[in-house]
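Please find below a colleague's note on the model.

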Amino acid sequence: MTSDPNGPQDSPAQPLLSFPAPEAHWDGLVRGAANDVAAGLASRPEAWATHALCVTGPAFCGLSYLARAWADRFGGQYLTAAEFNTLKLGALDALAAGHVSLDDADLIVAKRDEQFLSFYNMVGAKGGRLLLVAHSGPAAWRTGIADLRSRLNAMPLAEISQPDEDHLRARLRAAAAQRFMKLSPETVNYLVPRIDLSYEAIETLMDRLSGAVSMAGKAPGLALARTVLEGLDEDGEEDEGAG
């Protein structure tokens with residue numbers, strides 16, 4: 001569910017390093033006001049109004065991590081849209097009695113709505129649980145099957161919102177740790193009130209800071225963080241001027 005937040009650059013930028021996705025465990029979720037309700041509901045599948053739950057949220061909010069962590073917690077199966085679309089009904093039937101999380105569920109419905117409906121019904125019939133994550137809610141998913149539309153509309157829905165400052169602070173630390181960096185309290189305190197309250201802003205900043213650390217060969221202290229942030233602000237001003 002992720003893409004390069006920086007996009008093409010007109011001027012040379014610091015190289016971005018590729019870091020492995022962290023192993024997903026439920027106790028590794030960065031919890032806060034933005035996602036606490038969604039995570040709390042996902043953690044109690046026995047309390048769902050139906051056998052399926054959909055969680056939505058903005059880009060980079062951690063939907064894929066949530067889906068992987070949920071499958072890990074309940075000994076289930078995590079599937080991307082591409083993986084789901086390659087499976088035959090026999091293989092899906094074998095999963096239906098357990099806990100299955102589907103990433104980018106809207107893409108599955110758009111390409112394999114008949115197979116998705118069959119699997120949805122299998123899970124319900126066999127007593128399994130189905131966690132769907134997507135950036136848009138089921139009302140926006142494309143399908144011409146009336147039965148599937150009614151089932152999608154009947155699912156409980158939980159939404160992850162953009163972070164508040166407390167959640168932003170925690171996500172900055174987590175994003176730094178994923179890139180093998182550690183931010184000092186002074187650096188975090190400087191950054192929090194100066195970047196947008198969005199997950200995309202966090203990832204953009206941390207990617208750029210990671211590249212700057214690699215080029216400078218030193219820890220991500222306050223001075224380097226300030227320089228990187230000022231560079232992002234200048235890029236934003238140039239984009240606005242070109243618009």
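**Notes on the strands and helices**

1. In β3, Val-100 is the bridge partner of Gln-77. The parallel pairing of strand β2 (residues 77–79) with β3 comprises 3 bridges; strands pair if DSSP finds at least two bridges between them. Helices (H or I, at least four residues) and strands (E, at least two) are DSSP runs, numbered from the N terminus.

2. This is a predicted model, in which local features need pLDDT of at least 70, side-chain atom pairs count only at pLDDT 80 or more, and totals for chains, interfaces and linings use all residues. Residues are numbered from 1 along each chain as its sequence is written, and side-chain values use heavy atoms, with hydrogens and water left out.

3. β3 and strand β4 (residues 129–134) run parallel and are joined by 5 bridges. Leu-131 in β4 is the bridge partner of Ser-101. From β3 the chain passes through helix α5 (residues 105–126) to β4, a right-handed β-α-β crossover (clockwise from the first strand over the helix to the second, with the strands pointing away from the viewer).

4. Of the 5 residues of strand β3 (residues 99–103), 4 are buried (under 20% relative accessible area, with exposed over 50% and partly exposed in between; 1.4 Å probe, protein chains only).

5. Ser-64 belongs to helix α2 (residues 63–73). Ser-64 counts as buried because its relative accessible area is 16%.

6. Helix α9 (residues 199–216) is mostly covered, with 14 of its 18 residues buried. Just after α9, Gly-217 has a positive phi of about 70 degrees.
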